[in-house]
Amino acid sequence: MKKRLFVTDINLPGHVQTIFLLMGWRRKISRDQQPYLELQLADRTGQIKARVWRDTELIQERLTSNFVAIRGEAEPFKDSLVITIHDLEAIDPQSIEQADFFEASRWKAESLLAQIEDLIANEIKSEWIRSVLSFILEDQDLRAKLLAAPAAKKNHHAYRAGLLEHALSMSRLALRICEHYAAYYPGLLNSDLVVAGCLLHDLAKVEELSFAGPTEYSTRGKLVGHIAMGTMWLETAAKEMSPAPPADLITELQHLVLSHHGRLEYGSPILPQTAEAYLLHQIDMIDSRLNRLFDVMPKEPHADEIWSDWDRSLGGSFHFRGENSRSWDLPHAELDLEGPGKSRDNEPGQTMDLFGEKK
């Protein structure tokens, strides 16, 4: 069943008959002591509140799915809109187009996963690290979940396939940083370890988060968490692989997962204690924060300067200049259809010398 009307399409006054994602609901009492229901509805374009004033018991019994078809009227309420619902039916999730309701990566999930596998095959030099990564990604249940998994409930890459996008973006950034420093500080960084950390550090979020409907933390996610689960996954992989990978390699990979939040107060049980672990944390911070900055950046063209709203995860509001504010600025680059961080000038496996010449 296709979506007929999005949140951003709703005007005043207006009849509303469409399907929404049900984010949550509460039973409340009005000022005149009458029971009513308050619903939080959403699709990929935004959220809107709705209220049920009549047949509340009947409507409440129908709130059995994450998706509901509603019929009602959009009305002004203070500085926003609210829908007064006249009728509601639960909708089978299998009958709807998921892309209508959940924000997703700008790149296709299957392409992101294929590019990660290509990166492992062509950029990882260590046969053992390549084997560990390939073994873990062979799991069909994991692969299916990765195609939909967000990287977080909110804050960064909080959309379908966001976890794949985050891992690929970090990995490509890691390759460039390691290449840059290889000529300055020989022997300091093992690029294979850093890239492996980029791919493994959040992998267990496919179990920490539940994303069949609105993204929430699973019970196991709340009680154990992705850091501990990711560490255990590596332990299991080491036992199941034949021949078994070197024990010290598994220890280093586990350290990358355990320390990637960088600080004890951020959730890491230990601090980064290798150069690769320290760099992994910094790359994670860069990629997650720039993704969040892109989220708060105005997407519609504007002529003059503009400030974003205050953002909790970024710790402030940010200044963006419009088209008329930078006479010296160059046109924005187009979205790279080959995935986040893909270099058009540097093909896989190709490196630069100290003078910027292709080897």
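Let's start on helix α2, where A109, L112, L113, Q115, I116, L119, I120 and E123 are buried, buried being under 20% relative accessible area, exposed over 50% and partly exposed in between, with a 1.4 Å probe and protein chains only. These residues sit on the same side of α2, because they cover an arc of only 160° around the axis, the arc being that of the directions from the helix axis to the C-beta atoms. The face of α2 turned away from that buried side carries E110 and A121, which are exposed. As for partners, the buried residues of α2 pack against α3 (127-137), α4 (140-146), α5 and α6 (191-200).

A word on what we're looking at: this is a predicted model, in which local features need pLDDT of at least 70 and side-chain atom pairs count only at pLDDT 80 or more, while totals for chains, interfaces and linings use all residues. Residues are numbered from 1 along each chain as its sequence is written, and side-chain values use heavy atoms, leaving out hydrogens and water.

**The whole protein**

There are eleven helices and nine strands; these are DSSP runs numbered from the N terminus, with helices being H or I of at least four residues and strands being E of at least two. The C-alpha trace spans about 75 × 60 × 40 Å along its principal axes. Of the 359 residues, 44% count as buried. The accessible surface comes to about 20,300 Å², and 51% of that belongs to carbon and sulfur atoms; such areas come from the Shrake-Rupley method with a 1.4 Å probe, and for residues only the protein chains shown count as cover. Among contacts with a separation of 6 or more, 56% are between residues 24 or more positions apart, a contact being heavy atoms within 4.5 Å.

The expected span is 1.5 Å times one less than the number of residues. Helix α5 (residues 162-182) has 21 residues and reaches 30 Å from its first C-alpha to its last, close to the 30 Å expected. Helix α5 is mostly covered, with 15 of its 21 residues buried.

Together with Y184, Y185 and L188, Y181 forms a nonpolar patch on the surface, with about 440 Å² of accessible area in total. Patches are made of residues with over 30% relative accessible area and no salt bridge, joining like charges within 9 Å and nonpolar side chains (Val, Leu, Ile, Met, Phe, Trp, Tyr) within 5 Å.

**Salt bridges**

Side chains of opposite charge can pair when their charged atoms come close. A search of the whole structure turns up 13 salt bridges, each defined as a side-chain nitrogen of Lys or Arg within 4 Å of a carboxyl oxygen of Asp or Glu. Here are some of them:

| Pair | N to O distance |
|---|---|
| E38 and R26 | 3.0 Å |
| E89 and R62 | 3.2 Å |
| K205 and D202 | 3.7 Å |

The side chains of E38 and R26 meet in a salt bridge. That pair links distant parts of the chain, with E38 in strand β2 (residues 35-43) and R26 in strand β1 (residues 14-29), twelve residues apart. E38 counts as buried, at 7% relative accessibility.

E89 forms a salt bridge with R62. This pair also links distant parts of the chain: E89 lies in strand β5 (residues 80-91) and R62 in the loop between α1 and β4 (67-77), 27 residues apart. E89 is partly exposed at 38%, and R62 counts as partly exposed at 22%.

K205 forms a salt bridge with D202, and both K205 and D202 are buried. Elsewhere, salt bridges that share partners join R26, K28, E38 and R51 into one network.

**Two more residues**

T56 lies in helix α1 (residues 56-61) and counts as buried at 9% relative accessibility. Leaving aside neighbours within four places in sequence, T56 is in contact with R27, P35, Y36 and L37.

L271 sits in the loop between α10 (247-259) and α11 (275-296) and is partly exposed, with a relative accessible area of 41%. Beyond its neighbours within four places in sequence, L271 is in contact with H255, S259, G262, R263 and L264. L271 and L256 are 15 residues apart in sequence and 9.7 Å apart in space, C-alpha to C-alpha.
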